[in-house]
Amino acid sequence: MNVSRTELFLGFAKIGLLGFGGVAPWARHVIVGEKRWLSEREYASILGVGQVLPGPNTVNSAIIIGDHFQGAAGALAAVLGLLCTPIAVLIGIALVYDRIAGLPSVGTAIGAGAAAAAGLVVGTAIKMARRLQPNATAVVVGLAAFASVGLLHVPMALAIAVLGPISIALVWRERRGK
Amino acid sequence: MNELLQQLGTTFAWLSLLQFGGTNAVVPEMHRQAVDVYHWMDAQTFVNLFALAQLAPGPNVMVVSLIGWHVAGLPGLLVATAAMTGPPCLLAFGMSRLMRRAGRSRWLAIFKDGLVPIAIGTILASGWIMASTSELSAMSLGITAAATAFVAFTEFNLLWALGAAIALGLGAHAAGIG
């Protein structure tokens, strides 16, 4: 698969621009579902690495994916696409925000959009899990990550620092001698 | 002005490397720096900027773009955004190069496969948190559930789910039940 710098820029610009309420669903939708730059598994493993590095996961993934296809220039194209276009939109919103924020219809529309955006994120996680067909260990680790961050409100950094090494050790043990 | 830009640059450059698990990990410290240490803004303004960044499309890290804009206009936006994303991007690029050099090493595969369930579990958790912190009404729960199923079990464009939710919200508002 060959993806040009322009395609990287435009693809990530789309992810940034449509990423209302969070870019994770859109990143998977564009990269795996729509453009098929990467398989579900390749994408998930880049996301896993992006998650343990400091910084926003999608930004880290954009760097790794851009570098994968077009080296340093590709990494730059991807991250600029992801950040520049939504920043322009954000400035536009900031300029009119005070005038429209008080309108009740805007409030309900935003509330409904936020509820759907939450569903997009949950649905993306379920879809990825379904398509990756994890073994029992991976399911338990994934649920532990969900429960600690989502239900017990453990800081995400702490959850990753504890569960990451455990999960890697479990994968290593499973594959020993194979 | 130059002093402000320098404050923005140094503050966000070191905060950027503490963003384990995403930008939200450093929001409390960001709040302390912006409100208590440098007096760039009052607490209410910080909360408003944060809400605006959540609402707008794009990665969560863009809250720093808004802070930079608020403090020092366009130069502030550019300095704050570059400081917050530059160091993690360089780290991610270094990691990307390390992974390319490791190629198909067995250890890299174990490392990556161990992190996948955690990435998916934490995405699920962030969706769950988004759903549970938004207004809990029968309509918003229904929208979240429908959007979840739509994404989990189809590959249709995610805009359909967002558009339908916003139309439903506006319709309910017009009918006087939202």
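Modeller: Contact here means heavy atoms within 4.5 Å. This is a predicted model, in which local features need pLDDT of at least 70, side-chain atom pairs count only at pLDDT 80 or more, and totals for chains, interfaces and linings use all residues. Residues are numbered from 1 along each chain as its sequence is written, chains are lettered from A and ligands numbered from 1 in the order in which they are written, and side-chain values use heavy atoms, with hydrogens and water left out.

Biologist: How many residues of chain A are in contact with residues of chain B?

Modeller: The area buried between the chains (accessible area, 1.4 Å probe, lost on putting two parts together, summed over both) is about 7,700 Å², and carbon and sulfur atoms give 78% of this. On the chain B side 80 residues take part, and the number they touch in chain A is 90.

Biologist: Which element gives the most to the side of chain B that touches chain A?

Modeller: Six salt bridges (a Lys or Arg side-chain nitrogen within 4 Å of an Asp or Glu carboxyl oxygen) are counted between the two chains, and one salt bridge joins Asp113(B) to Arg175(A) at 2.6 Å, N to O. Among the elements giving two or more residues to this side of chain B are α4 (63-102) and α5 (106-133). With 25 residues, the element that gives the most is α5(B).

Biologist: Is Gln19(B) buried or exposed?

Modeller: Gln19(B) lies in the loop between α1 (2-16) and α2 (27-37) of chain B, the helices being DSSP runs (H or I) of at least four residues. Buried means under 20% relative accessible area, and exposed over 50%. Because its relative accessibility is 0%, Gln19(B) counts as buried.

How values were computed:
Buried < 20%, exposed > 50% of the residue type's maximum accessible area, 1.4 Å probe, protein only.
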